[in-house]
Amino acid sequence: MDIVTPDEVLMRGLHLVGFNDSRQLVRKEKNLRRFCAHFGAKPNVYAVIWTDLQTTMIEEASVDIQNDATRLEDLLMAAHFLKCYPKEEEAEGIFKLSDRTIRNKVWAYVKKLQALKQEKIVWPDHWNPTESGANPETTFTITVDGIHCRIGEPQHGTYSKNPKFYSHKFKQAGLDYEVAMSTFENKCVWINGPFPAGKNDVSVFRAALNQRMGNGKLGIADKGYRGEGDLLAVPTSHDTPDVREFKSRALARHEKFNGQLKNFGCLSNQFRHDLSKHQPCFEAVAVICQYQLENGSPLITV
């Protein structure tokens with residue numbers, strides 16, 4: 001197995017994007033900023049991911065370092081794609097490889113990262129209504145929110161713009177993902193999507209997540225989720241100061257995770273690739289962000 005230290009990941013990652021040994025002879029803090037600017041997370045995060053890819057039981061994610069022509073640099077190349085979202089001509093200049101080689105390596109590792117979602121982003125079984133018991137205690141288990149990502153305008157048979165995909169956040173076409181975070185743990189526990197951005201948050205919630213809740217399990221959401229009062233608590237004028245503060249902090253920590261997702265250019269910039277590739281990118285980024293929560297970048301407490 002190829003075990004690497006965070007310092008080795010830092011050195012090899014910076015070499016990959018053009019910082020030779022002499023240019024790395026600066027304060028470590030500066031090198032860490034350089035690394036994060038190109039790969040979206042700290043070296044210790046990718047050191048853990050690299051180990052997990054070699055030890056996971058998920059076949060689609062597994063890396064066999066003995067038999068595969070693969071390297072840590074291939075994972076970092078995919079991370080750079082997700083973070084910086086370069087055009088192929090730009091990537092060729094950075095990595096000194098052909099566009100086909102870069103494309104093959106990037107998408108292979110995006111799919112491996114996406115496959116780790118089976119281990120890293122999991123709805124706890126004991127939260128399901130059938131596992132809650134006869135007299136469950138009422139608890140605020142999750143926060144839930146939709147996150148929109150820009151896309152090119154999909155074709156419409158009649159109009160120049162497809163209203164189904166219109167995002168009120170960007171005033172252009174977009175995709176929507178529903179994300180749920182554990183209220184008291186540093187865990188993303190649910191991702192559902194993509195949906196056309198014109199679909200409202202309550203409709204997305206009613207499509208699947210509401211069936212996972214109940215028996216005392218409540219969520220916290222913004223006012224876009226009004227109408228689901230039995231399952232989701234939204235800020236209201238009737239909240240006491242303590243309740244108002246609790247809901248505010250819970251939603252703020254969720255927004256921080258959304259910000260970590262949008263720190264990756266493939267989700268914050270307009271997506272240039274076929275829309276079938278958007279979900280693998282989103283889920284791969286979510287996996288990286290979950291590793292961040294577990295390895296030195298936790299959310300605030302409520």
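Asp74 is buried, with a relative accessibility of 2% (buried means under 20% relative accessible area, exposed over 50%, and partly exposed in between, with a 1.4 Å probe and protein chains only). The structure is a predicted model, in which local features need pLDDT of at least 70 and side-chain atom pairs count only at pLDDT 80 or more, while totals for chains, interfaces and linings use all residues. Residues are numbered from 1 along each chain as its sequence is written, and side-chain values use heavy atoms, with hydrogens and water left out.

Asp74 forms a salt bridge with Lys105, and the closest N and O atoms of the pair are 3.4 Å apart (a salt bridge is a side-chain nitrogen of Lys or Arg within 4 Å of a carboxyl oxygen of Asp or Glu). This pair links distant parts of the chain, as Asp74 lies in helix H4 (residues 72-84) and Lys105 in helix H6 (residues 99-115), 31 residues apart. Helices (H or I, at least four residues) and strands (E, at least two) are DSSP runs, numbered from the N terminus. Lys105 has a relative accessibility of 22% and counts as partly exposed, whereas Asp74, at 2%, is buried.

Across the whole structure, 11 salt bridges are found. In one of them, Lys28 is paired with Asp7, with 2.8 Å between the closest N and O atoms. Here too distant parts of the chain are linked: Lys28 belongs to helix H2 (residues 28-39) and Asp7 to helix H1 (residues 6-16), at a separation of 21 residues. Lys28 is partly exposed at 44% relative accessibility, and Asp7 is partly exposed at 47%.

A further salt bridge joins the side chains of Glu185 and Lys187, at 3.7 Å from N to O. Glu185 is partly exposed, with a relative accessibility of 38%, and Lys187 is partly exposed at 40%.

Strand S1 (residues 139-150) is mostly covered, with 9 of its 12 residues buried. S1 is joined to strand S3 (residues 172-182) by 9 bridges, and these two strands run antiparallel; strands are taken to pair if DSSP finds at least two bridges between them. Within this pairing, Glu178 of S3 stands opposite Gly146. S1 is also joined to strand S5 (residues 217-220), by 4 bridges and in a parallel arrangement. The bridge partner of Ile142 in S5 is Gly219. In a regular strand, side chains alternate between the two faces of the sheet.
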